[in-house]
Amino acid sequence: MRRIGVVVNPIAGMGGRVGLKGTDGKVEEARERGADPRAPDRARAALAALGERAPDAEIVTYGGEMGERAAEAAGFDPEIVGDPASTETSAGDTRDAVRAFAEAGVDLVLFVGGDGTAVDVAQTLVDLDADVPMLGVPAGVKVYSAVFAVTPEAAGRVAADFDRTERREVNDIDESAYREGEVRAELKALATVPVAEDLQSSKQVGGGTVESLAEGVADDARAESERQAGDGASERATYVLGPGGTVGAIKEALGFEGSPLGVDVWRDGEVLVRDASADEILSHLGERNVVVVSPIGGQGFVFGRGNDQISPDVLGRSTVEVVASKRKLDDIGVLRVDTGDEAVDESLRGWRKVRVGRFERRMMKVE
């Protein structure tokens, strides 16, 4: 019978939908912008999947939103080994929980959060010299570490079934620099992690040149505006341009400097909003909308990593164009989606044409 320590960072990912690119030091601002907690739902999804595979697993957790409620909602009767110091949980609470898990003899620490939470868990285990593996349920805005499963459900399945472990990287980035458009990734620890196909690789923070691809997309966008003007269309297509270097090249080809790690909205030669939140994107959508995104680094995610502003509501009113360099697609092999809305994810799955040049496209499987 496997004993699993579950710790949830309740505020992880709150900054994503509202365009903050992280929640470190920004919780109140995220709430003022209307952010909703994301981590509790992801914790419940992971634990539900765990329960299906291993209903006799013993769950050891912290009180309230740090794990107790999610475990009970998934049908477990958890062992509570502590409570957060206050209703406003902190990194200290996460570290205290991990220390309590080690004392309780858990076989795995299953944490729900982003890179900051991963660092807290990994460094605590290192400090304790505890030979306990860890596994992340992705819930943060920044997910650059190689210790996360690709989805909450995958995390639950891996936690139930794994029989081998390996060493993987725990990375974090400077959120202040990230908000200014610069990625400063730093290796924080090496962690023991279950071996499984459903774990993500570390994100790549660089990319190749994609000038011809960018010019092709920009030419099509401008040509469409001209056609619509000639047809007397009341409103021309609105383009929602995601983050990253590849889409950044498209923004440059359209004649503006976009936010490198944010989402920009463009229509008919004008930037309607730069570094937009989900609500701002929705308010600027028109009759026809096109979301342009590129897979994030080496993981293959087109939604759900670093672009939470492109919400399920936005996707429900838009068509999607995926763009990428041939080299990136060769490295990735498959595309992934994790919007937080299973119906939307299902609508995006299957085979999709990905633009790889001015005219060329390649078929890629979306999972």
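# Close-up views of a predicted model

The protein chain has 14 helices and 16 strands. The model shown is predicted. Of its 367 residues, 57% count as buried. The accessible surface of the chain is about 15,300 Å², and carbon and sulfur atoms hold 42% of it. Among contacts with a separation of 6 or more, 69% join residues 24 or more positions apart.

**View 1. Five strands make an open, parallel sheet.** The order is S3-S2-S1-S4-S5. Strand S3 (79-80) and strand S5 (134-138) are at the edges. Each has a single partner strand, so one side of each has no neighbour in the sheet. Helix H5 (residues 91-103) packs on this sheet and touches S1, S2 and S4. The direction of H5 makes about 175° with that of S1.

**View 2. Strand S1 pairs with S2 and with S4.** S1 and strand S2 (residues 58-61) run parallel and share four bridges. Here Val6 has Thr61 of S2 as its bridge partner. Strand S4 (residues 108-113) is also parallel to S1, and five bridges join the two. In S4, Val112 stands opposite Val8.

**View 3. Strand S1 is covered on both faces.** S1 spans residues 3-8, and six of its six residues are buried. In a regular strand, side chains alternate between the two faces of the sheet. On one side of S1 are Arg3, Gly5 and Val7, all buried. On the other are Ile4, Val6 and Val8, which are buried as well.

**View 4. Helix H6 lies across S1, S4 and S5.** H6 runs at about 155° to S4. The helix covers residues 115-128, which is 14 residues. At 1.5 Å a residue, H6 should span 20 Å, and its end C-alpha atoms are 20 Å apart, so the two values agree. Buried residues of H6 include Ala118, Val119, Val121, Ala122 and Leu125. Asp115, Thr117, Asp120 and Thr124 are also among the buried residues of the helix. After H6 comes Asp129, with a positive phi near 55°.

**View 5. The largest nonpolar core has 56 residues.** Leu47, Leu50, Val109, Met134, Leu135 and Val147 have the most contacts inside this core. In soluble globular proteins, nonpolar side chains tend to be buried together. Leu135 shows how many parts of the sequence can meet at one residue. Beyond its neighbours within four places in sequence, Leu135 contacts Leu108, Val109, Leu110 and Phe111, among others. Another core, of 26 residues, lies apart from the largest one. Val263, Val314, Leu315 and Val356 are among its residues.

**View 6. Arg42 is a buried residue of helix H3.** H3 covers residues 39-53. The relative accessibility of Arg42 is 6%, so this arginine counts as buried, the cut-off being under 20%. Residues up to four places away in sequence are not counted in what follows. Arg42 touches Val112, Val137, Pro138, Ala139 and Pro152, among others. Its partners also include Arg305, Asp338, Thr339 and Gly340.

View 7. H4 covers residues 68-73. Ala70 has a relative accessible area of 7%, so it is buried. Not counting residues up to four places away in sequence, Ala70 touches Pro40, Ala43, Arg44 and Leu47. Ala70 and Ala39 are 31 residues apart in sequence, yet their C-alpha atoms are 9.8 Å apart in space.

**View 8. Seven strands form an open sheet with mixed pairing.** The order is S10-S9-S8-S11-S13-S15-S16. Strand S10 (270-273) and strand S16 (361-366) are the edge strands, and each pairs on one side only. From one strand to the next, the twist averages 35°. Strand S8 (residues 238-241) and strand S9 (residues 264-267) run antiparallel, joined by three bridges. Within this pair, Tyr239 has Trp266 of S9 as its bridge partner.

Methods
Residues are numbered from 1 along each chain as its sequence is written. This is a predicted model: local features need pLDDT of at least 70, side-chain atom pairs count only at pLDDT 80 or more; totals for chains, interfaces and linings use all residues. Side-chain values use heavy atoms; hydrogens and water are left out. Buried means under 20% relative accessible area, exposed over 50%, partly exposed in between (1.4 Å probe, protein chains only). Contact means heavy atoms within 4.5 Å. Accessible areas come from the Shrake-Rupley method with a 1.4 Å probe; for residues, only the protein chains shown count as cover. A nonpolar core is a set of buried Ala, Val, Leu, Ile, Met, Phe, Trp, Tyr and Cys residues joined through side-chain atoms within 4.5 Å. Two strands pair if DSSP finds at least two bridges between them. The expected span of a helix is 1.5 Å times one less than its number of residues. Axes are lines fitted to C-alpha atoms, for helices over the stretch in contact, and angles run from 0 to 180 degrees between N-to-C directions.
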